[in-house]
Every structure is written in C-alpha cells, then in structure tokens.
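Subject: A structure to look through

Dear colleague,

I am handing over a structure that I would like you to read alongside these notes. Please keep it open while you go through what was found.

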Amino acid sequence: MDNTIDIKDRIAAMEPSAVWSDAGDGMFRVPVSSFRGLAEKLHNEGFDFLRSLTGIDWGEDGLGCVYHLENTATGENIVLGTADPDRENACLPSVHDLWKGANFNEREAYDFFGIKFIGHPDLRRFFLRDDWKGYPLRKDYDMSLNPLNMENEGNEDMAPSYEMTSDGSYILKRHPLFDDQEYVINIGPQHPATHGVLRFRVSLEGETIKKIDVHSGYIHRGIEKLCESCTYPQTLGFTDRLDYLGAMQNRHALCACIEKAMGLEVSERIQYIRTIMDELQRIDSHLLFIACLCQDMGALEVFFLGFRDREKVLDILEQTTGGRLIQTYNTIGGVQADIHPEFVKKTKEFIRYMRPKLKEYDDIFTGNIIARNRLIGTGVLSREDAISFGATGGTGRASGWACDVRKRHPYAMYGKVDFKEITFTEGDCFARYMVRIKEIEQSLNIIEQLIDNIPDGEYQMKVKPVIKLPAGSWYTAVEGSRGEFGVFLESRGDKSPYRLKFRSTGLPLVSCIDTIARDAKIADLIAIGGTLDYVVPDIDR
Amino acid sequence: MKRNVNIKSMKYEDFNDNEYIEQMLKELRENGTNVIIGCLDDVIEWGRSNSLWPLTFATSCCGIEFMAIGAARYDFARFGFEVARSSPRQADFIMVAGTITHKMAPVLKRLYDQMADPKYVIATGGCAISGGPFKKSYHVVDGVDKIIPVDVYIPGCPPRPEAMLYGLMQLQRKVKAQRFLGGLNKGISEKEYERRLREDTNKVEDYREYDESGMA
Amino acid sequence: MFDFGILTNWIHTQLTSVMSEGLAIFLECVIIGVLLLLLYVIIAIIMIYMERKVCAAFQCRLGPTRVGPWGSVQVICDVFKMLTKEIITIRHSDKFLYNLAPYIVILASVMAFACIPISRGLEILDFNVGVLFFMAASSIGIVGILLAGWSSNSKYSLIGAMRSGAQMISYELSVGLSILTIVVLTDTMQFSEIVMRQADGWFIFKGHIPAVIAFVIYLIAGNAEVNRGPFDLPEAESELTAGYHTEYSGMHFGLFYVAEFVNLFIISSIAATIFLGGWMPLHIPGLDGFNAVMDAIPGFIWFFAKAFFIVWLLMWIKWTFPRLRIDQILTLEWKYLVPIGLLNLLLMVIVVVFKLHF
C-alpha cells in the first residue's frame with residue numbers, strides 16, 4: 001500500500017524481529033513472542049481500527065493470523081502476520097483488549113483453526129456447535145468427522161479462557177456466563193426480528209436487558225473453505241450469496257481483488273457500470289433497511305412502501321443482469337453483459353421517481369412522534385467504540401466516524417464523483433436511521449453524475465479462461481451496503497485461492513450489540529438490531 | 001367423490017405434476033366414501049386450502065423473496081396466505097427459505113415438531129432442495145427432505161416470486177386432493193401417528209435448558 | 001325511529017299466552033343467547049375481513065381476492081381451517097388454566113358485547129348501572145390473558161402477559177375516567193338512557209370541549225385496552241413472536257384472535273354510543289325537515305356506521321404508527337392521560353354545574 005515505505009522504517013525501529021515480505025500487498029511477519037508488544041505499540045501510535053483479522057493455516061509454518069490495521073487519523077495501513085509453528089497446540093496472544101472487534105474475530109479463528117488466544121475471556125466456538133470435532137478450515141480437516149447431528153444443541157454456560165502462568169504453560173479457566181438466578185430468554189434463531197437466524201441469549205431484569213450473549217453460525221455455510229477448492233471464476237458465485245443485499249458490491253470487491261492480483265486494469269466503461277450498479281444496489285439495500293426497521297417497530301405500512309420502491313430498483317437491475325437478488329453480474333475483468341439499451345432511460349426515470357418518495361418516508365415515519373421517541377437516544381454507540389469494534393458503514397458514520405471506503409480508499413469511479421459523506425455525531429438509533437435515508441439521496445446524486453457519461457468501450461476485458469495468480473496476499477475493500485466489505489486473498493500460485501477470507505460487514509456490528517443494548521428494554525433491542533442493519537448470512541459466511 | 005382439483009383462474013393443464021395429484025385422487029376414489037362425509041370433506045379441504053398461513057421463517061436469500069411475495073407487487077394475501085404467524089403453533093406451513101446448516105437442522109426439525117397438524121413444508125430454492133451451491137460444504141444439509149417431509153419443491157436461486165406463488169398454488173392443489181376425515185392420504189396409520197405425537201423429541205429430559213431454544 | 005321494543009314485547013305476550021311466564025322468559029333467554037352468539041360470530045367475521053381489506057388498502061395491496069367475490073368468503077375458509085387444526089397440549093404447562101384461559105377471554109368479550117345498544121329496543125343487557133357492568137365485564141379479559149401467559153410455561157408468553165397486565169389495568173383507568181365524564185353530563189349509567197339523552201345532539205357536540213377531550217382520551221385508552229397497535233405490546237409480533245398466545249394453536253388461538261377483533265368492535269361501538277349518539281340519528285335542533293330525513297334511516301344503520309367508522313379510524317392508526325415501548329406506554333398513561341382525564345372530569349363538572357353545555 002501507499003505509505004508502506006515510511007511505515008517500514010518505523011516498524012523496524014519498533015520491533016527489529018519483524019520481517020517485511022513483499023509478495024502481493026506485502027506484510028510484516030512477526031514472531032509470536034514479540035507480536036503482542038508490537039501490537040500494543042501500534043495501538044498507542046494510533047492504529048485504532050482493526051480492519052480484518054484472518055486466521056490462516058500456513059502448513060509447515062504453522063497456524064497464524066493476519067491483522068489489517070488502520071490509523072483512522074492519518075489513514076495509514078499496515079498488515080501484520082504472525083504464526084505459531086506448533087500445529088497441535090497453536091497459541092497466539094489475544095488482542096481483544098486493544099481492539100474490541102478482535103473478540104469475535106478471535107473466536108472465529110479459534111473455531112476454524114483451533115488457535116488458542118491467550119487471555120481471551122470467552123473462547124467458545126462461535127459458528128460451529130460446541131460438540132463439533134476438529135477445525136474445518138485447517139488443510140488437514142477430515143469431512144467425515146462430523147456427520148449431520150440431529151440432537152438438540154446444549155447451551156455451554158461456562159466460558160473457557162486460556163491464561164499463561166509464570167512458567168510458560170497454559171491453564172484453562174472457566175467463567176459462568178449467566179448466574180443461576182438470572183432470567184435468560186432466547187431471541188432467535190427463529191425470530192421475526194433477528195433478520196435471519198441469529199440467536200441472542202438475553203438476561204433480563206423485568207424488561208431491562210442485563211447482558212446479551214450472541215450465538216451465531218446458524219447459517220454458516222463454509223463459503224471460505226468451499227472457495228479453496230474452486231477456481232477463481234467459480235469463487236465469484238458465492239459472494240452474491242453472502243450479503244444478498246449487497247450482491248453487486250461483494251462481487252465487485254472480489255473481482256477487484258483478483259484483478260489487482262492479476263495486474264489487470266479494467267476499462268473506464270466497466271468502472272462506470274460497476275459504480276452505478278453498486279449505488280443502485282445500495283439504494284435497494286437501504287430501502288429494505290427502512291422497510292424492515294419499520295416492520296420491526298410495528299409500522300407495517302412503511303414496510304410496504306419500502307418494498308414498493310425497491311421493486312423499481314429491482315426492475316432496472318433485472319433488465320440488465322437477469323437477477324432480482326442474486327445478480328451474478330461482475331466478472332473478473334468486466335461485467336457479464338452490457339447494460340440493457342433502456343438502462344439509462346429507466347435509471348433516470350427512477351431517480352426522478354425516488355426523490356419525492358423520500359419525502360413520503362419522512363412524513364410517515366421520520367417525523368412520527370412515537371418513532372422519534374423510540375429511536376432518539378437509544379443504543380448509543382460512541383465514536384471510540386465504533387472504531388474499536390470496527391463497526392463501519394452507516395453505523396460508524398452515525399457515530400461520527402467518517403469510515404466510508406469510497407472516501408478513504410477511493411476505487412472505481414468514486415474518486416471522480418462528487419458526493420457527501422453523511423456523518424452524524426449522536427450515534428443513536430435515530431442517527432443510524434437518518435444516515436441511510438440521506439445516503440439514498442447521495443447515491444442518487446452519484447448515479448446522476450455518471451449515468452449520462454458512460455463512455456464507450458468494452459464491457460469485458462480479455463481474460464484467460466484459467467486464471468493463475470502469483471504467490472502473495474492481497475486485501476481489497478469496497479463500501480458495501482452496510483459497511484466495509486473486504487476480501488483477503490492469499491495465493492500460492494495455483495488456479496484456486498489458498499485462503500480467501502471475506503471481511504464481514506455484519507460481524508463487527510453484531511459484536512457491539514452487547515455494549516450498546518445493555519440497560520435498554522427488549523423493544524429497544526429490536527430497534528437496535530434493526531438499525532445496525534446486519535445480514536446474517538454475511539456474518540456467518 | 002372428488003373430481004379434479006381446480007384453482008381459480010389457472011387452467012388445470014397449465015400445472016405441472018398433474019400425475020401426482022391424479023394419483024392422490026385415485027387413492028381417494030378406490031375405497032369410495034360416504035356422500036355426507038365426502039361433501040363435508042370437500043368443504044373442509046376447500047377452507048383449508050384457501051387459508052394456509054405461513055410461518056415467518058427465513059434463513060437467507062430466499063427469505064427476502066419470501067418477504068417480496070408478501071409485499072405489494074406480488075401480494076400473496078390474495079390467496080389467503082397473508083397472516084404470517086411468528087409462532088409455529090399457529091402456522092399451517094413452513095416455507096424453508098434458505099440454506100439449512102448442520103447447526104440449524106435440529107432447530108428446523110424442532111420447529112416442524114412444534115407446528116400443529118395438519119402441516120406442510122415447502123422447500124424453497126436450491127439450498128433447501130439439495131444444498132444448492134453449498135452442497136459440498138462441511139456444514140450444509142443437502143436437502144431438507146432428509147430432515148422433514150417436504151410437500152412442494154420450488155427450485156431457483158432464489159426462485160422468482162411468481163415461481164413461489166406457483167409453488168403455493170401447487171400446495172393448495174395438494175391440500176385439496178387430501179382427505180381430512182378418515183385419514184386416507186396419510187403416510188402412517190392413525191395409531192402410529194398418535195404414538196409419534198406423544199413421543200418426546202428431546203433426547204435430554206432437563207426441560208429447563210431446552211425450553212424455548214428451538215422455537216424462540 | 002322504529003322501536004324494536006314493540007316487536008320484543010309482542011313476542012313476549014304471544015309466548016306468555018301459550019305457556020307460563022317463567023318458561024317464556026327461559027325460552028327467550030335461550031333464543032337471545034343464541035342470537036347473541038350468532039351476532040358475535042358475524043361481527044367477528046366482518047371485522048376480520050374488514051381488517052384485511054382495510055390494511056391492504058393502506059398498504060397499496062389488494063388483500064384477499066380469490067375466495068368469493070372480492071375475497072369475501074376468505075374468513076369462512078379461515079374458520080374451517082381453525083376448526084380442523086390440532087390443539088396442542090404443552091408439556092409442563094398448567095393444563096387446566098391453559099385450557100381455561102381462552103374461554104375466559106371470550107366470555108368477557110361476549111358479556112361486554114351484550115351491553116351494546118344496537119337499536120331502539122334492541123338492548124340485551126340494559127339496566128341502571130350498565131356502564132359499570134360493561135367496565136367490570138370487559139376487564140375480566142385481563143385475567144384470561146394473564147392466565148394464558150402464566151400457564152403456557154413459555155418465557156415469551158409470560159413477558160407478554162406481564163405487559164398486558166401492566167398495560168390493560170392502567171388504561172382501564174382512563175377508559176373509566178372518560179366514560180365518567182359523560183356520565184356526569186348525562187347523570188345516568190344506563191346505556192339506553194345515555195342514547196336517548198342525545199336526541200337533541202350528540203354528546204360530543206353537547207359537551208363541547210371536555211367531551212372532545214374525553215373522546216380523544218377514550219380512543220387512545222380504548223385502543224390500548226384491546227391491545228391494538230400502536231399498543232400491541234402483549235403480542236408484539238417482532239419482539240415476543242406472538243406474546244401471550246405464543247403456545248396456543250388451533251381453535252384456542254382462534255378464540256384469542258376473534259376476541260381481539262370483537263373487542264375492538266366493542267370499544268368502537270361504546271365510543272359511538274356514548275360520544276356519537278349510538279343509534280340516534282344526527283339531529284340539529286331547529287331544522288325539523290333535516291331531522292325527519294335523518295330519522296328515516298333505521299337506527300341500527302346509524303349505529304353500525306358510527307361503530308365501523310371508529311373501527312376504521314383505529315385500524316388506520318394501527319397500520320401506520322410504530323409500537324410504543326413499555327415504559328413509554330406507562331408514562332403516557334400515568335403522566336399524561338390520567339391527569340388530563342381527572343382535570344377534564346373537573347372541567348365537565350364545572351360545565352354541568354354552570355350549565356355551560358348545549
């Protein structure tokens with residue numbers, strides 16, 4: 001990345017044992033013993049945003065993690081990698097106290113690779129069942145270990161944690177999650193307001209929430225493992241199904257990442273089309289957000305208004321891509337098909353149609369006294385917490401963190417169009433709601449600037465049918481509908497990826513729910529969940 | 001005696017899988033039936049087929065399309081499907097919309113068990129039918145029919161709302177071709193049914209822990 | 001205005017002429033009971049159909065269209081479905097209370113329903129403390145809901161029941177206060193008498209400012225009383241799946257469902273009766289020609305038109321407004337509606353004492 005030269009010297013000064021490896025985007029390889037110290041130093045230097053934490057099975061190098069860090073004040077980026085060669089008993093120091101977002105990510109890495117994070121307070125499995133055998137994303141995992149188990153899953157109420165003793169060995173401790181006397185109710189996995197199959201165990205005192213324990217993995221489909229056995233064009237299909245309301249953007253991220261690794265520069269026409277499509281998808285997603293939030297809060301009428309307008313977007317998308325939800329439109333080096341002859345006309349019509357409709361939402365919901373009472377002041381997420389959790393997208397911007405990837409690391413046409421990054425400072429549910437409403441306007445602005453000037457050119461660059469990437473690792477992020485959607489790609493020169501990790505937009509959002517929903521009411525939990533706007537298959541992958 | 005099952009404003013020939021329905025009707029005709037019971041039955045089936053309430057259940061992509069058929073453009077309220085119940089006790093059919101994973105499978109089974117009879121299952125989309133694109137995954141059930149009996153399959157990824165409406169109409173036809181009184185089209189005998197009904201599906205007896213984890 | 005009392009009296013005299021008086025009264029009671037239940041069911045069916053069509057209209061949809069003309073037979077299908085659906089017995093539930101609860105709810109609803117004066121001479125329960133009886137009967141429903149939540153052995157049901165307990169008992173107060181305001185104006189508690197007193201103008205006009213305030217409070221509190229949105233917390237679909245009736249299936253659930261809709265009708269028709277004159281046509285003192293034209297329309301049409309207008313109003317509110325939170329609901333009641341209601345009562349007393357009403 002751009003500023004690596006300068007940062008290289010600083011890292012070398014901080015930690016002499018860190019080795020710069022140049023393949024792909026490049027990363028610092030740090031020995032386990034000095035990793036924790038370096039992480040602390042970097043955190044104090046202002047690297048306060050953990051963009052992504054990826055567990056990797058490096059074969060004989062052992063099991064390790066890759067950390068993508070960003071300094072939100074200066075915009076500097078840095079990639080650290082560390083690995084423990086002891087495969088049987090891999091241990092890494094936990095960084096959950098430096099970056100709160102690391103909490104769930106480390107649980108995920110433990111779940112997939114069996115890496116024990118020393119000092120992590122709650123190292124339970126996150127996606128898989130507690131009685132799951134083995135660690136599925138290790139290269140030597142045996143699929144036959146875990147046949148379908150139809151027994152109801154028990155609840156592990158004792159959270160294990162590993163701590164280091166003075167003589168260098170590890171001890172396993174267990175802490176109770178809930179007391180015997182607590183009134184714990186289950187919300188999910190089958191619940192109308194969890195937006196899919198997420199499960200919360202909520203400890204209540206009357207109607208007030210005391211603690212939330214998030215259970216995930218009810219829609220964990222093992223996409224990352226599947227990708228490792230697919231060729232690069234085949235991996236594209238899975239991205240649409242991750243966050244199905246950001247199908248375009250997700251696929252854009254993966255295509256851009258592979259194109260970056262190939263060193264392929266796509267034509268301007270493709271950039272234009274991708275940008276417009278991304279924005280249409282964003283409008284679609286935000287409309288659904290409004291619809292679902294209102295439905296969760298009981299205002300059913302707005303649900304139907306949202307869907308009515310959403311269908312108009314889908315009509316436009318469908319004409320060109322042929323899909324309503326799963327678009328399968330972007331390909332490596334281009335897009336699947338040229339835009340439909342009526343695309344420009346219809347999009348313009350839609351912009352004209354949509355602007356006055358936004359007013360309607362304001363009239364019926366935004367200005368409603370009950371809605372305002374319910375949303376204003378509930379579920380406040382502070383700016384520091386938003387950064388620490390890595391809660392990007394509308395949620396982060398509502399807390400005053402200008403985290404839009406389109407502005408931070410402009411890609412496609414975003415560097416050349418003029419649009420405002422919407423930020424609020426309140427960080428409550430209402431701000432999160434307003435961010436989305438205002439972003440629809442901005443998306444319309446972006447489309448308006450591009451739609452008339454789509455340049456001529458090819459819509460698909462010439463790409464070999466079998467794609468082999470050089471060895472190395474790359475990270476590309478786009479602004480998805482609900483935050484930074486990143487793709488981390490590690491290649492060993494094969495025609496399929498060695499490790500493909502999708503930085504989920506929803507996981508950081510869910511990880512902050514315990515913090516912001518404490519002392520709120522059950523009804524607030526629904527509003528908070530609605531305004532955080534996560535999509536569960538995107539969390540579980 | 002039951003004649004062909006008809007759906008308002010769609011021709012009989014326009015449906016696929018008519019043989020299946022005809023087979024069901026043939027089974028009905030074989031034994032013959034009392035006129036009064038037959039007529040009463042017709043009325044009941046007519047009522048049931050036009051008032052199928054779905055369970056709001058969605059795991060992934062297909063769930064959004066399920067919401068879309070509830071919304072204004074496709075509006076499945078026209079067919080009487082509109083009262084989507086969140087509690088499985090009150091729902092008539094479960095539309096398995098989305099991938100079912102290993103962790104979700106016991107929950108889905110439990111939801112199905114919690115539903116009151118007569119109940120139906122629609123497998124929507126590639127994932128629910130066969131595992132779809134995720135068939136080779138270590139954590140995906142390849143087809144919900146391995147767990148619960150499926151009445152109608154709606155292929156697609158995700159199926160278009162029109163396809164879902166077609167599938168729902170097929171379910172209506174199936175319900176119409178059944179017999180409520182006498183229990184002819186049931187796969188198992190009345191006794192077996194009663195026995196299974198009483199059977200405890202929880203392996204673990206301690207109900208404190210398992211109280212609502214499936215449904216809630 | 002046709003008095004149905006002539007008809008009922010004629011039936012009574014005919015019956016007493018062929019049998020003893022006790023037997024005749026018993027026979028009449030049976031007939032009236034059957035008719036009452038029949039009417040109850042018909043109102044329920046109309047209400048459910050109306051709810052579906054009205055909400056569809058607000059949501060740019062069509063609503064049921066397949067069964068019968070404009071889907072009008074849809075609810076009959078639902079009834080058949082409900083009747084043939086299995087009634088699940090829950091393990092670890094309190095079986096007796098669990099089975100009893102829906103009947104208590106429906107019983108309370110029917111008793112309150114019997115108080116409604118539909119037309120002149122068509123009052124089933126009509127005595128000098130009718131208002132008091134109505135209040136008492138309708139609040140029995142809370143017991144049913146609490147029992148349902150308690151006996152289901154489900155945490156969602158229990159939370160739903162606790163919510164409904166807190167909410168409905170609180171709002172009972174406001175309903176009572178706003179009805180009391182009108183009682184002050186009429187100095188009677190008999191429903192038929194209340195209607196008769198509105199012959200020269202409905203109370204909402206006669207009582208002007210305090211009556212209008214009472215009417216608004218009554219609508220809000222009445223809506224909360226029957227657990228309709230935006231006060232549908234006890235069954236808040238997106239929070240508690242189905243609230244207190246989460247574990248009920250088949251016809252037991254159907255009873256809750258029906259009671260909810262008929263309760264809405266009862267609340268609306270009481271509002272129509274005490275504020276908008278019930279079956280009394282619109283009379284403007286001095287315009288005799290106009291009054292005569294209004295009188296030509298039968299009373300029960302006036303009554304149903306008014307009642308369904310209020311039902312429609314409440315449905316509109318339900319489908320548009322988001323749900324309140326439990327603390328907001330209680331704040332609204334105890335900090336706003338009750339004090340306003342009490343002051344309003346005082347205002348009405350002043351108005352009556354100084355004869356400031358029309």
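A residue counts as buried if 20 or more other C-beta atoms lie within 10 Å of its own. With that cut-off, and bearing in mind that this is a predicted model, helix H9 of chain C comes out as mostly covered, since 13 of its 18 residues are buried. From its first C-alpha to its last, H9(C) reaches 25 Å, which is close to the 26 Å expected at 1.5 Å a residue. Just after H9(C), Asn227(C) takes a positive phi of about 60 degrees.

The next point concerns a partner of this helix. Helix H6 (residues 155-186) of chain C packs with H9 (residues 208-225) of chain C at an angle of about 155 degrees, and their axes are 8 Å apart. Angles over 145 degrees count as roughly antiparallel, and H6(C) and H9(C) are therefore roughly antiparallel to each other. The crossing in which H6(C) passes H9(C) is left-handed. Among the residues that meet there are Met168(C), Tyr171(C) and Val175(C) from H6(C), and Ala214(C), Ile217(C) and Tyr218(C) from H9(C). The residues of this contact divide into 11 nonpolar, five polar and two charged.

Finally, there is the contact between two other chains, where 42 residues of chain A are in contact with 46 residues of chain B. On the side of chain A that touches chain B, strand E10 (183-187) and helices H4 (223-228), H5 (232-240) and H8 (300-321) each supply at least two residues, and the largest share, four residues, comes from H8(A). By class, that side of chain A has 20 nonpolar, 13 polar and nine charged residues.

With best wishes

Terms used
Residues numbered from 1 in each chain as written. Chains lettered and ligands numbered in written order. Predicted model: local features only at pLDDT ≥ 70, side-chain atom pairs only at ≥ 80, totals over all residues. Axes fitted to C-alpha atoms, helices over the stretch in contact; angles between N-to-C directions. Parallel < 35°, antiparallel > 145°, perpendicular 65-115°, else oblique. Left-handed = near helix turned anticlockwise from the far one by under 90°. Contact = placed C-beta atoms within 7 Å. Nonpolar A, V, L, I, M, F, W, Y, C, P; charged D, E, K, R; others polar. Expected span 1.5 Å × (residues − 1). Buried ≥ 20, exposed ≤ 12 C-beta atoms within 10 Å, placed from the backbone.
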